[in-house]
Amino acid sequence: MQNPQEVQLAVEALRAALPDSAFGAEAPLGLILGTGLSGLAAALAGDAGGAGPCVAPFAQLPGFPLPGVDSHHGAFVLGRLGGRPVLAQQGRCHLYEGRSPAEVCMGVRVMAGLGVKTLIITNAAGALNPLFEAGDLMCMADQINHTGVSPIMGPNCASWGERFPDMSAVFDPELRALAQETAEHLGIRLERGVYIGVHGPEMETPAETRMYRQWGADAVGMSTVLEVIAARHLGMRVLGFSCLSNKNLPDCMAPAPLEEIIAVAGRAGAKLDRLLRALVTKL
């Protein structure tokens, strides 16, 4: 599911929507904001030279998929954070909306086309590890793709990456260590664990929760894994954070309505905001 022609059209449209001096000589840092976390883009406003960040709605980009979930804003936001240029993707689309892997990964590939080399990816996830709590942050140490698809199926685009990209360290070890060090300095509890991405949209059953835990997963969600595969195929360095929005206890499962997930993700997002502000100055 590689779509270089469609991606190039979107890259050209986004580049045209940004000021000529948007990036300068410094490559921007990429940031994908997941469920309940789109408001973090507001952090860019204070560091954008007084003029505010530049916003380009997805609807202005030809062929770019629009998010189908209300909590996902649909726009790219370019600004500065800690003096560093940041290109943030507010919201994403998902497989469960009927989107293809290529559409799910469109944002990652567009950012790469604009020079992004380092990507920070975020999501809201359910905690599977019984030692984790709702409202905590988890730095992704590894991932399990349980969606049944891959964004690099089909003919390979050699200009993007090799046919069989290495996945032995999908999340950059140096970036993870830096995130842990920064969180400790700020007094923020940052868990480390494995994220499993599922197709959705149904929430997991108690039996599935037990199975995922036996597989070694610490958190579960319906995004991220395909974007990470696409990013690694493109040679990006990737750092991932999950805002743990609920806790899955298979022996006493409780409903997790979307409104509650968004609210808890927002509270965890406040911690993530502090962490990112401090972290980007070190990248």
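**Close-up 1. Arg92 sits in the loop between strand S4 (84–90) and helix H2 (101–104).** This is a predicted model, where local features need pLDDT of at least 70, side-chain atom pairs count only at pLDDT 80 or more, and totals for chains, interfaces and linings use all residues. Residues are numbered from 1 along each chain as its sequence is written, and side-chain values use heavy atoms, with hydrogens and water left out. The labels for helices (H or I, at least four residues) and strands (E, at least two) are DSSP runs, numbered from the N terminus. Arg92 has a relative accessibility of 2%, so it counts as buried. Here, buried means under 20% relative accessible area, exposed means over 50%, and partly exposed is in between, using a 1.4 Å probe and protein chains only. Look for two partners of the Arg92 side chain. One is the side chain of Glu227, joined to that of Arg92 by a polar contact of 3.0 Å. The other is the backbone oxygen of Thr122, which the Arg92 side chain reaches at 3.1 Å. A polar contact is a pair of N or O atoms within 3.5 Å; within protein, one must be able to donate a hydrogen and the other to accept it, and residues adjacent in sequence count only if both atoms are side-chain atoms. Ala102 is 10 residues from Arg92 in sequence, and their C-alpha atoms are 12 Å apart in space.

**Close-up 2. Helix H1 (residues 4–17) packs against helix H3 (residues 106–113).** Their axes are 9 Å apart and meet at an angle of about 60 degrees. Axes are lines fitted to C-alpha atoms, for helices over the stretch in contact, and angles run from 0 to 180 degrees between N-to-C directions. That makes H1 and H3 oblique to each other. For reference, angles under 35 degrees count as roughly parallel, over 145 as roughly antiparallel, 65 to 115 as roughly perpendicular, and the rest as oblique. The crossing of H1 and H3 is right-handed; a crossing gets that name if the near helix is turned clockwise from the far one by less than a right angle, and is left-handed if anticlockwise. On the H1 side, the contact is made by Glu6, Val7, Ala10, Val11, Leu14 and Arg15, and H3 brings Met106, Arg109, Val110 and Gly113. Contact means heavy atoms within 4.5 Å. Sorted by type, the residues of this contact are 6 nonpolar, 1 polar and 3 charged. In that sorting, Ala, Val, Leu, Ile, Met, Phe, Trp, Tyr, Cys and Pro count as nonpolar, Asp, Glu, Lys and Arg as charged, and the others, Gly among them, as polar.

**Close-up 3. Helix H3 is mostly covered.** Of its 8 residues, 6 are buried: Met106, Gly107, Val108, Arg109, Val110 and Met111. Follow the chain just past H3 and you come to Gly115, which takes a positive phi of about 100 degrees.

**Close-up 4. Asp218 is in the loop between helix H5 (206–214) and strand S8 (219–221).** Asp218 is buried, with a relative accessible area of 9%. Its side chain makes polar contacts with two others: that of Asn129 at 2.9 Å and that of Arg213 at 3.1 Å. Leaving aside residues up to four places away in sequence, Asp218 touches Gly126, Ala127, Leu128, Asn129, Phe132, Met138, Gly193, Val194 and Arg213. For contrast, turn to Gln214, which lies in helix H5. Gln214 is exposed, with a relative accessible area of 68%.

**Close-up 5. Thr224 and Gly34 are 190 residues apart along the chain, with 8.9 Å between their C-alpha atoms.** Gly34 belongs to the loop between strand S1 (29–33) and strand S2 (54–57), and Thr224 to the loop between S8 and helix H6 (225–233). Both are buried: Gly34 has 0% relative accessibility, and Thr224 has a relative accessible area of 2%. Thr224 also has a positive phi of about 80 degrees, although it is not a glycine.

**Close-up 6. Asn248 lies in the loop between strand S9 (237–247) and helix H7 (258–280).** With a relative accessible area of 5%, Asn248 is buried. Its side chain is joined to that of Glu204 by a polar contact of 2.5 Å.

**Close-up 7. The peptide bond from Gly200 to Pro201 is cis.** Its omega is near 10 degrees. Pro201 sits in the loop between strand S7 (190–198) and H5.
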